[in-house]
Amino acid sequence: MTTNPLKRQREPDDEIFIVPAYPSPKYADIMTTSSANTTTTTTILDLPTELIEYICCCDSLKLIDIFNLAVSHSKLNNCLFHERNSCLWKSKFIQKYGVLDNEEYEVIIDEQNTWKEEIILRMSLDKAVPAEIIQMPCKYMKFKNVPYHLYPFSQYLNSTNEGHRYYILSAIAAYYKQLQNNECRNENYDLLYMAHQFLIYSCQVYFGYKLSNFLSLPQAEQIVERGFYLLGRWWCPTVNIPYRDINKSLNNIAIDVCNRIRSANPVHPLFEHENYLEQVVERGKFNLDNDLFDETNTMFILDNIRQIIFSKDQLVCYCNHDLNCFLLQQVIDRRKGSVFLLCVIFESVARRLGVKVRLTATSVHNFVSWSSSWLENKRTNPTCYLVDIAGGGVMRKATVCPVSRKLPEQYIGNSILDLFWTFSKTVEQLTIENMATYKYVLDFQKILKPDDSEVEFKCQKFHQYYDYCRCPLLRNPSNPYAPNHVNEKNIMYTDWEEIFPLVPKTRGEIHDPKYSIGMMIDTITMGNGSCSSIVTKRGVVVGWTRVPSNNPLPNPTIYHVLIRPDHYFSTAKYQNPVIKAIWEGRYEKLQRQLKPYDYSFKNIGKFFTHYSHELCAFVPIRDLAQLYPDDLSYTISKSKNIDCKVKQFKGPHVVPKY
C-alpha cells in the first residue's frame, strides 16, 4: 500500500524561475504605442531608466511581470536587474511580504545586501525550507532526538543579520500552518512532526537572540509588555502573534479609558492637545520618568483604568494547567489570566495615559504600586498606594512590609530581569505536566542565570529522564554565533543497529515474525487461578530481530516497539514514547491491537506517515519500509482477515496533537 505525499501548492510567483532563454522579440512590442498612419513609434525602451523603474513599482505589476519584462530586452534587463538598492525591489518585497515591521524584524540594506538580493534570498528559502522538511524524517530516524547542530540553515538562523533569521522562521511557520490546514494532514504525520520540531528550534533561536538583545538594553528602554511578548513566543513557539497586535490591543484599551475620562471630565489635562490620541500611542514606545499630571488627575485616570480593565468578574485565573493564562496576547483577548500578566497590562495602559506605576513581583505576591511623581508636586513624601490587581484594581494606602520594613515603592526587585525570573518560577510550577514547555522554562532560567547551581541541577535531572536537546543558545560565550553547538552529542536509540540494519531484513524463513512494522501490539501478563490477565505494555512495532533457532522462546522474535516509558514518576505519562525491546515469554504473551485509541504520540511521525484504517496499522516512512521490504505486503495480507467493522473504525484520537 502506498501513500501520496503532500504537495505544496504552487504560488503565482513560482513561475519567475521558468522563463524562456531566448524570448520572442515581439514581447517588448506589446508595450509599444504605435499607429499605422504615423512614421514614428515610441516604445517603453525610449523612456528614461527612472521612469521605467517608477512604472514597474506599480502594485498591479507582480514579480512574474517584472521578470518577464526584464528578459524581453537587454536594456530592460540592465535597467531592472542592475539597479542596486532600488525602490523597485523594495516595493516588490513589501508587495509580497507585507509592510516592513521593525519590531518584528529588520532588513539590513548595505553594500553587501541589496533589496534585490533580499527578495531573491527570501523567496528561495520559502522553497528550500519545505523541501528540507520532506527529507528530515528519513535523515533523522535513528536519533532519539535530533541534535541541534544537525539542523539545516544554521548559517541563516545564526546570522548577525536579523532579517535572515526571520526568513527561516517565517518559511517554517508558513509551511507548518499549511500542513495543519491541509485536508491531507492526517496522512502526513512525518511532515507534521518534523515541521513542528524545526519550528520549535527556529523560534527558540530567533526569539532567544531577541530576548538577549532586549535584556542588554538600558532599563529605560525595556518596555515591559514587549519583554513578556518575547518571553511568550520563547516558550510557546506555535502561537504566532506579532508584537504589533499586542501593541494595538493595549492602545485600544488606553483609548477606551480616554473616551471614558472625556465623557466624565472633558477638561481633564489629558486632553490639552488636539493630538492627545497620538500621544497616547507614542507613549507606548518608551518608559516614563515621572507622572505627567498632578496627584488628583492621576488618581482619576487610575480609577478609570480600573473600571475599564476590571469590568468583568473573575478576571484573575488561578488555574494550574492552562498556559493561555500566562501568554500576554491571550490574557488581553480573554481579559482573564494570571495576576502577573494583569499587572503588566495595567502598567502598560497607565504608561500610555501618562502615569508611572511600579510593577513588583515577589515569590508570594504580584502587585502594582504608585505614588505621585509629578515634577511640580511640592510634597516631599507623597502617599504610596497599592493597586490590588487580584482584588479588582482597587487602590488602597500601602503599608510597610513586616519582613522588609519597606513600602512597596522601595522594593528593589522590580527590574525586568527580576520580573522575568519570578515569572519563570511561577510558570515552572504550572508546566510540570507539559514537558516541552517545562524545558523552555528551564532553558530560559539557564540563560538568565547561567551560573545558578539549582538551575543547572534541574536541567541535568530533566535531560537525564527526558529525550530533549539542550537549548540552542547555550553556547560558548566567546563565539555566540558559531554554526555548530558546543559539546552536542548524537544520541542514538538503544540497539539502533538492530532496529535500523545496514542490510534489509526480509521474510521467507521458518521463524518469520508474527507481527510487522506498523502493527500495534499489547504485552499481556498471563494470570493464574483467580488472577486475570492484564495488559502491561502497548506500542507500535518499528523493527524486529530474529532470535537464533536454538533459543527456547516459543516465538523466537524480539520486537522493537515505540512504547510509553515505565519510569516510576507521576510525569512519566507525559514523556515521549521510547523504543523498547519486548518478546513473548512464559508469563507474557503478545497480542495484536486493532484499535488505535492510545497511539496519538507526538513522535509517531518519526517513523510513520499515517494510520491506515484498512490495514489497522501505521504506514512506515520510506526509509523504514526499505529496511523491512516484505512487511508492508505482509500487513496487507493479514488485513484481509480483519472484521469489516474494525476496518471501518475511525476517530479523532488517531491524529497526533501538536
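This report walks through a predicted model of one protein chain, from its overall make-up to single residues.

## The chain as a whole

The chain holds 22 helices and eleven strands. Of its 658 residues, 50% are buried. Take the contacts between residues at least 6 apart in sequence: 68% of them join residues at least 24 apart.

## Two helices that pack

Two packed helices are described by the angle between their axes and the distance between the axes. Here the pair is helix α10, residues 224-235, and helix α16, residues 416-430. Their axes come within 11 Å and cross at roughly 35 degrees. The crossing of α10 past α16 is right-handed.

Which residues of α10 and α16 meet? From α10 come Val224, Gly227, Phe228, Leu231 and Trp235. From α16 come Ile416, Leu419, Phe420, Phe423, Ser424 and Val427. Sorted by class, this contact has nine nonpolar residues, two polar ones and no charged ones.

## Salt bridges

How many salt bridges does a search of the whole structure find? The count is 21.

| Glutamate 132 | Lysine 139 | 2.7 Å |

Start with glutamate 132 and lysine 139. Glutamate 132 is buried, because its relative accessible area is 18% and the cut-off for buried is under 20%. Lysine 139 has a relative accessible area of 43%, so it is partly exposed.

Next come aspartate 303 and arginine 306. Both sit in helix α13, residues 295-309. They are three residues apart, about one turn of the helix. Aspartate 303 is partly exposed at 30% relative accessibility. Arginine 306 is partly exposed too, at 26%.

Arginine 546 counts as partly exposed, with 25% relative accessibility.

Salt bridges can also join up. Glu225, Glu347, Arg351 and Arg352 are linked in a network of them.

## Buried residues inside helices

Alanine 254 is part of helix α11, residues 243-264. Is alanine 254 buried or exposed? Its relative accessibility is 0%, so it counts as buried. What does alanine 254 touch, beyond its neighbours within four places in sequence? Its contacts are Val280, Val349, Arg352 and Leu353. Arg352 also belongs to the salt-bridge network described above. Valine 280 is 26 residues from alanine 254 along the chain, yet their C-alpha atoms are separated by 7.4 Å.

Valine 441 lies in helix α17, residues 435-448. Its relative accessible area is 0%, so valine 441 is buried. Glutamine 429 is twelve residues from valine 441 in sequence. The C-alpha atoms of these two residues are 10.0 Å apart in space.

Serine 612 is in strand β10, residues 608-612. At 2% relative accessibility, serine 612 counts as buried. A polar atom of its side chain lies 3.2 Å from the backbone nitrogen of leucine 615.

Cysteine 616 is in the loop between β10 and β11 (617-620). Cysteine 616 is buried, because its relative accessible area is 1%.

Most residues other than glycine have a negative phi. Cysteine 616 has a positive phi of about 55 degrees although it is not a glycine. Phenylalanine 153 is not a glycine either, and its phi is positive, at about 65 degrees. Where does phenylalanine 153 sit? It is in the loop between α6 (115-139) and α7 (154-157). With a relative accessible area of 12%, phenylalanine 153 is buried.

Definitions and conventions. Residues are numbered from 1 along each chain as its sequence is written. This is a predicted model: local features need pLDDT of at least 70, side-chain atom pairs count only at pLDDT 80 or more; totals for chains, interfaces and linings use all residues. Side-chain values use heavy atoms; hydrogens and water are left out. Axes are lines fitted to C-alpha atoms, for helices over the stretch in contact, and angles run from 0 to 180 degrees between N-to-C directions. Helices (H or I, at least four residues) and strands (E, at least two) are DSSP runs, numbered from the N terminus. A crossing is left-handed if the near helix is turned anticlockwise from the far one by less than a right angle, and right-handed if clockwise. Contact means heavy atoms within 4.5 Å. Ala, Val, Leu, Ile, Met, Phe, Trp, Tyr, Cys and Pro count as nonpolar, Asp, Glu, Lys and Arg as charged, and the others, Gly among them, as polar. Buried means under 20% relative accessible area, exposed over 50%, partly exposed in between (1.4 Å probe, protein chains only). A polar contact is a pair of N or O atoms within 3.5 Å; within protein, one must be able to donate a hydrogen and the other to accept it, and residues adjacent in sequence count only if both atoms are side-chain atoms. A salt bridge is a side-chain nitrogen of Lys or Arg within 4 Å of a carboxyl oxygen of Asp or Glu.
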